[in-house]
Amino acid sequence: MDRIQTLLEAFGIQNQATTLVGTPIRKGISGGQKRRVSVASQLITCPKILFLDEPTSGLDSKASFEVMNYARKLAKDNNVCSLR
């Protein structure tokens, strides 16, 4: 539960924690929030390798910064090097 709370806060989606993600038929969270949920859900298991294909597409500049800042912090905290 601590890991989930940390990820919710890191990606700025703690206010949507009880909101349905949604379907094409049923309205849910916004597209940007869905993108953050997608990245956060991949991080929940503390993977050894994480491939992110355009993790900021569809996000505004603030949300993009938050997502990439958290990914960078995560890599730094776990002594992970990144390839560019």
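Tutor: Let us begin with Arg-36, which lies in helix 2; helices (H or I, at least four residues) and strands (E, at least two) are DSSP runs, numbered from the N terminus. The model is predicted, so local features need pLDDT of at least 70 and side-chain atom pairs count only at pLDDT 80 or more, while totals for chains, interfaces and linings use all residues. Residues are numbered from 1 along each chain as its sequence is written, and side-chain values use heavy atoms, with hydrogens and water left out.

Student: Is Arg-36 buried or exposed?

Tutor: Buried means under 20% relative accessible area, exposed over 50%, and partly exposed in between (1.4 Å probe, protein chains only). Arg-36 has a relative accessible area of 12%, and is therefore buried.

Student: With which residues is Arg-36 in contact, leaving aside its neighbours within four places in sequence?

Tutor: Contact means heavy atoms within 4.5 Å. On that basis, Arg-36 touches Phe-11, Gly-12, Ile-13, Leu-59, Ala-63, Glu-66 and Val-67.

Student: Which residues make up the largest nonpolar core?

Tutor: A nonpolar core is a set of buried Ala, Val, Leu, Ile, Met, Phe, Trp, Tyr and Cys residues joined through side-chain atoms within 4.5 Å. Here the largest has eleven residues: Leu-7, Leu-8, Phe-11, Ile-13, Val-39, Ala-40, Leu-43, Leu-59, Ala-63, Val-67 and Tyr-70. At least two residues of this core come from each of helix 1 (2-10), helix 2 (31-43) and helix 3 (61-77). Tyr-70, one of the core residues, is in contact with Arg-3, Thr-6, Leu-7, Ala-10, Phe-11 and Leu-43, once its neighbours within four places in sequence are set aside.

Student: What is the relative accessible area of Thr-45?

Tutor: For Thr-45, in the loop between helix 2 and helix 3, the value is 62%, so Thr-45 is exposed. Glu-54 lies in the loop between helix 2 and helix 3 and is exposed, with a relative accessible area of 53%. The phi of Glu-54 is near 50°, a positive value in a residue other than glycine.

Student: How many helices and strands does the chain contain?

Tutor: The chain has three helices and zero strands, in the pattern α-α-α along the sequence. Its radius of gyration is 13 Å, close to the 12 Å that the globule rule gives for 84 residues, so the chain is as compact as a globular protein of that length. The radius is taken over C-alpha atoms, and the rule is 2.2 Å times the number of residues to the power 0.38.

Student: What share of the 84 residues counts as buried?

Tutor: The share is 20%. Among contacts between residues at least 6 apart in sequence, 52% join residues at least 24 apart.
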